[in-house]
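Open your viewer and follow along, one selection at a time. Each stop tells you what to pick and what you will find there.

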Amino acid sequence: MDKSRIISLLLALGLATTVGAQAQEGRLLRFENAEQAVDTVRFDSGAITLRYPFENVSGKSVTVLEIHSGCGCFTGEVNRRVLAPGARAVLTAVFDPKSLYGSQTRHLTVVSSDGENTVLSSISVKGYVLRDASEGEIRYAEDLGCGLRTDTSVNVLSRDGFGDYVFSIPLYNDTDREVKVEVRASSSRVKLYAPQTLAPHSREDLRGEYDALWKRRGSAVTETLTISVDGAPVAPLQIKGTIE
């Protein structure tokens, strides 16, 4: 297993607590301004470059092994990977708001080592991203009407671990009030697990099972879900699939 895979595994196993204790006793790197802010930006304003100067505060040579990012919207690179005692370098980070909205706090984890100890350091950026659309419009592009949204109007059957044919559809209430939701299937083969109400600006999953008993292998399935919000009908949803 290569070094990158090993480091990623350590992070996934949650060893940051142990490493963090080492860092408190004797840090390897010190960042001058580990938390920075971009205030309010528009999603289409373009990427923002931030500089995080840091210093090797240990008595040994330190190597920056990895820079881990939780998303493609905040990435970074250092201008020097190996630092002698007291040497300085800069981590240049890029914050790209194009796929973001609302309040944001993004982090980068810097993994460094002096050959004996491995220490994790964290830097962050905070800001607020403005968009012309609401969160619901961004995350759930399909407008069903009456403030109810989902991600697509045609949903595909899948098989779970028991071999059953199932589906799961997000329903999002893009209004400021609680709404009552009613869902009916076009046939008795569909068993529904549907939310009865949706709180303001909240999501619930509409789940269901399709009874494929006595259906011929290779036959196509098309079912329609009729939905109403507070008694008013909205656009229907379709369930499609093929019996294997």
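Start by selecting Asp230, which at 43% relative accessibility counts as partly exposed (buried is under 20% relative accessible area, exposed over 50%, partly exposed in between, with a 1.4 Å probe and protein chains only). Asp230 sits in the loop between strand 19 and strand 20 (232-233); helices (H or I, at least four residues) and strands (E, at least two) are DSSP runs, numbered from the N terminus. Its phi is near 55 degrees, a positive value in a residue other than glycine. For context, most residues other than glycine have a negative phi.

A word on what you are looking at: this is a predicted model, where local features need pLDDT of at least 70, side-chain atom pairs count only at pLDDT 80 or more, and totals for chains, interfaces and linings use all residues. Residues are numbered from 1 along each chain as its sequence is written, and side-chain values use heavy atoms, with hydrogens and water left out.

Next, pick Trp214, in the loop between strand 18 (203-210) and strand 19 (220-229). Trp214 also has a positive phi, of about 70 degrees, although it is not a glycine. Is Trp214 buried or exposed? With a relative accessible area of 79%, Trp214 is exposed.

Now colour the chain by pLDDT, the predictor's confidence in each residue, from 0 to 100. The protein chain averages 88, and 89% of the residues score at least 70. Residues 12-26 fall below 50, and beyond near neighbours in sequence this stretch has nine contacts in the model (contact means heavy atoms within 4.5 Å). Where pLDDT is low, the predicted coordinates should not be read in detail.

Switch to a cartoon view: the protein chain has three helices and 21 strands. Of its 244 residues, 36% count as buried.

Eight bridges join strand 3 to strand 7. Zoom in on Tyr52, whose bridge partner in strand 7 is Leu91.

Both Tyr52 and Leu91 are among the residues with the most contacts inside the largest nonpolar core, which has 27 residues. Such a core is a set of buried Ala, Val, Leu, Ile, Met, Phe, Trp, Tyr and Cys residues joined through side-chain atoms within 4.5 Å. Apart from this core lies another, of 23 residues, among them Leu144, Val190, Leu206 and Val221.

Go back to Phe31: leaving aside residues up to four places away in sequence, its contacts include Tyr52, Phe54, Leu91 and Ile123.

Ser45 is partly exposed, at 47% relative accessibility. A polar atom of its side chain lies 2.7 Å from the backbone oxygen of Arg42.

Finish at Glu135, in helix 3 (residues 135-139). Which residues does Glu135 touch, not counting those up to four places away in sequence? They are Tyr101 and Tyr172.

How values were computed
Pairing = 2+ DSSP bridges. Polar contact = N/O pair within 3.5 Å; in protein donor to acceptor, adjacent residues only side chain to side chain.
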